[in-house]
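Work through the exercises below with the sequence and the 3D view open. Try each task before you read its solution.

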Amino acid sequence: MKNPSWILNWVQASETVTDLYLYDYIAHKKSYNWLTGKTGEEITAQDIVTGLADVATPEIVVHINSGGGDAAEGVAIAQAIKDERSPFISCPMKISACIS
């Protein structure tokens with residue numbers, strides 16, 4: 001299983017469980033820095049769909065530490081995981097949010 005970076009990381013914890021770590025903003029598309037010519041590190045649903053192709057375990061545990069982002073893209077990510085897997089989805093999370 002490839003691990004492109006600490007921002008989006010798939011770790012096979014056992015024969016039956018894969019941990020998915022998401023540590024950045026969720027975006028519909030990646031930003032682009034015109035000065036450096038590099039794309040941003042935001043997480044998109046396409047990143048998740050691409051990574052799901054390499055997951056062979058029946059269960060995925062999702063760990064999210066994100067500053068926020070595109071809610072519709074977050075729903076698309078959840079739906080992609082749900083469509084790919086049986087109902088064995090667990091999302092242990094601690095949520096800290098502020099709405100002003």
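**Exercise 1.** How many helices and strands does the protein chain have?

Solution. The model is predicted. Going through the protein chain gives 2 helices and 6 strands.

**Exercise 2.** Find the salt bridge in the structure and locate both partners.

Solution. Start with the general idea: side chains of opposite charge can pair when their charged atoms come close. A search of the whole structure returns 1 salt bridge. Its partners are Asp47 and Lys30, with 2.9 Å between the closest N and O atoms. This falls within the 4 Å cut-off, so the pair counts as a salt bridge. Now place the residues: Asp47 sits in helix α1 (residues 45-52), while Lys30 lies in the loop between β2 (17-22) and β3 (32-33). The two are 17 residues apart, and the pair links distant parts of the chain.

**Exercise 3.** Are Asp47 and Lys30 buried, partly exposed or exposed?

Solution. Buried means under 20% relative accessible area, and exposed means over 50%. Asp47 has 21%, so Asp47 is partly exposed. Lys30 has 32%, so Lys30 is partly exposed too.

**Exercise 4.** Describe the protein chain as a whole, using burial, surface and contacts.

Solution. First, burial: of the 100 residues, 30% are buried. Second, surface: the accessible area is about 6,700 Å², and carbon and sulfur atoms account for 57% of that area. Third, contacts: take those between residues at least 6 apart in sequence; 62% of them join residues at least 24 apart.

Key:
Residues numbered from 1 in each chain as written. Predicted model: local features only at pLDDT ≥ 70, side-chain atom pairs only at ≥ 80, totals over all residues. Heavy atoms only, no water. Salt bridge = Lys/Arg side-chain N within 4 Å of Asp/Glu carboxyl O. Helix = DSSP H or I, 4+ residues; strand = E, 2+ residues; numbered from the N terminus. Buried < 20%, exposed > 50% of the residue type's maximum accessible area, 1.4 Å probe, protein only. Contact = heavy atoms within 4.5 Å. Areas by Shrake-Rupley, 256 points an atom, 1.4 Å probe, with all protein chains shown as cover.
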